[in-house]
Amino acid sequence: MSAANATAPKPDAGTERPAARKPFRPDRKKHRFGYDVLGLVAFAVMAFPVYWLLVSAFRPNREIRSYDQTLWPSSFTFDNFVRATETRFFWTAIQSSLIICVTSVLGALVIGTIAAFAIGRFNFVGRRPFMMVLILVQMLPPTAMLIPIYVQLNNLGATNEYWGVIVVYLVSVLPFTTWMVRGFVVNVPRELEESAMVDGCSRMGAFRRVILPLLAPGLAAASIFALITAWNEYLFAYVLLQDNDKYTLNVWLMNFTTDRGTDYGGLMAGSVIVAVPVVIFFMLVQKKMATGLTSGAVKG
Amino acid sequence: MSADTAKTGVAAPEEAPRNSSGGRPGDQARHEGPKGNGPKRRGISAVPLPYLLIAPAIVAIGAVFAWPLVKTVIMSFQDMGRRELWSGDSPPWVGFEQFANIFGDSQFWAVTGRTVLFMVVCVGATMLVGLGLAMLMQRMSTWVRLLLTGALVAAWSMPLLVATSVFRWFADSDYGVANSLLSKLPGIDLQGHNWFINPWQGFTIIAAVVIWGAVPFVVITLYAALTQVPRELVEAAQLDGAGSFGVFRHVVFPVIKPVFQMVATLSVIWDFNIFGQVFLMRANKPEPEYQLLGIYSFQKAFESSSFSQGTAIALVTVLLLAGVAVYYLRQLLKTGEVE
């Protein structure tokens, strides 16, 4: 970075503006080359772990257990995936993950949307403190909550129950769901709601018929972010659940590491299985976010 | 929840308002308009409604965040062990004994020092690399920028567990690609080298995962902030004879400073709470020299079954973080995000 900067004495180009404009451009192209090389190096560093994950997942085990790892894949196999999906508790893990994530995200979405509507539309005493609480609770260290929650659920006899984990996940994703949906509520013009009410809608009707459809992209984005977060969580699931057939996918992934060593081929294949939905949804959100935001900008 | 929650979590709400900031001023005006003649009409019927609407959220947050936090404080002054956990008896009160035990334990101070050092190194490296890459992205060709953005988004979307597994696989002593690549360099033979025997080397690998996972958010946020720097200002400064460093210090950085501070503060909080990367890298059983405050508290509670010690350590962590959190809130208030 600094080296590339040193070779670009820009101020010289701007002494006489109109005249300097023309030689400035080809000059610039030459400088770009250095930046491009650095950019490609950064690309390689950021992309390599993802690349290695994929390569290792599709590599036969004899190549994985080799002292000389080749950077390019020379053969291709689904063995690792077959082995991973044939491990015990794989299907129950998928089932647990889906039940826990979908339920908690739906719950968070309902509670979060009505709270977001309140803080995005009304000005009331306690609104700002409420918003600050939403931010502050996200900064708590996980163990500060984990230990008391474990003890509490243990007293209720509810460890190893789905609902304990569901409640924890629901509330964990609630603050940023609320915060994010609120950003979209603020962008829906108040006049739309008011004109619906002038036309005879009740407040509830106006919310359901006018606001909610306009919030749809925001809700989709918020729910996907929440889903990703819940899907990626493992610590609470690991501690609060106890039976192998209740564990979520993330905890299942730990089974590849045993005291005798790690089955890296299986682990990488399992990781791909866990990561693929996340990556797809993440790309989806980025797009949704963009369209949601640009459509707001056009109206504004 | 864990750090990965926060990473996708807080990142998301950060994005939404900031990206829409283009439409912000008009937005605000739009809201001022109806408010002028609105409140009287709406006033009476609207009073209880907002409270009704946020009530479920408050109950939920109270149950899963506030109550456990209160419990953490209470338990820290008791002595809760395995017996109390299973019998359901209320544990005896011991006053400040847990804290006296903790502060008298040299391991606690070692862990705290390690946590702070690890946080400082990770945040420093993340912010430096992040700012460098963001500025680089402004200057590189479009196709390189698109490639890099793709890689950043891919890295960002990797679940923490998956990313940690990949880095553990890199550093595997027998078949890891790190050893076999480094051994190709002349004069280095790392075949069979175990990176985790020496905690300094082990933490280098752990820091690599943390930084690799944190950089995308920083780059993308800072890059968005950098596009807000007015071109005319930069050109004017160059005309006045400022060098590239001068332009950065006096023109570019002041514009991106609020965003930079915000991201840095968030990174401090996330990296202080690091748990998963260490926990998973050491196969769920980190050795004493790999303990950070979160791990230390977790192991005291769930491995030594001394739940009260665990909560006391967690409480100390919360108090250490409180200052940073207040600082973050003040910045949020200043930028008007909480309006």
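This is a predicted model: local features need pLDDT of at least 70, side-chain atom pairs count only at pLDDT 80 or more; totals for chains, interfaces and linings use all residues.
**Confidence**

I started with the scores: the model has ipTM 0.80 and pTM 0.82. For chain B I found a mean pLDDT of 83, with 85% of its residues at 70 or more. Then I went through chain B element by element. Helix H7 (residues 106-139) of chain B has the highest mean pLDDT, 95, and helix H1 (residues 3-19) of chain B has the lowest, 39. I also noted that pLDDT stays under 50 over residues 1-44 of chain B. The model still has 67 contacts beyond four places in sequence for that stretch.

**Chain A against chain B**

Next I looked up who takes part in the contact between the chains. Chain A puts in 103 residues and chain B 102 residues. On the chain B side, I see helix H4 (residues 49-76) giving the most, with 16 residues. I sorted that side of chain B by class and got 63 nonpolar, 30 polar and nine charged residues.

**H8(A) on H4(B)**

I followed H4(B) across to chain A, where it meets helix H8 (residues 162-187). Their axes come within 9 Å and cross at roughly 125°, so I put H8(A) down as oblique to H4(B). The crossing is left-handed. From H8(A) I listed Val167(A), Val168(A), Leu170(A), Val171(A), Leu174(A) and Thr178(A). From H4(B) the partners are Ala57(B), Ala60(B), Ile61(B), Ala63(B), Val64(B) and Phe65(B). By class this contact has 11 nonpolar residues, one polar and no charged.

I checked what joins them: four residues of domain 1 and six of domain 2 are in the contact. The domain 1 side has three nonpolar residues, one polar and no charged.

Last, I took helix H5 (residues 90-121) and helix H10 (residues 203-232) of chain A, which pack at about 140° with axes 9 Å apart. That makes H5(A) oblique to H10(A), and I have the crossing down as right-handed. On H5(A) I marked several contact residues, including Ser97(A), Cys101(A), Ser104(A) and Phe117(A). On H10(A) the contact includes Phe207(A), Leu219(A), Ser223(A) and Trp231(A). My class count for this pair reads 12 nonpolar, four polar and no charged residues.

Methods:
Residues are numbered from 1 along each chain as its sequence is written. Chains are lettered from A and ligands numbered from 1 in the order in which they are written. Two residues are in contact if their C-beta atoms, placed from the backbone, lie within 7 Å. Helices (H or I, at least four residues) and strands (E, at least two) are DSSP runs, numbered from the N terminus. Ala, Val, Leu, Ile, Met, Phe, Trp, Tyr, Cys and Pro count as nonpolar, Asp, Glu, Lys and Arg as charged, and the others, Gly among them, as polar. pLDDT is the predictor's confidence in each residue, from 0 to 100. Axes are lines fitted to C-alpha atoms, for helices over the stretch in contact, and angles run from 0 to 180 degrees between N-to-C directions. Angles under 35 degrees count as roughly parallel, over 145 as roughly antiparallel, 65 to 115 as roughly perpendicular and the rest as oblique. A crossing is left-handed if the near helix is turned anticlockwise from the far one by less than a right angle, and right-handed if clockwise.
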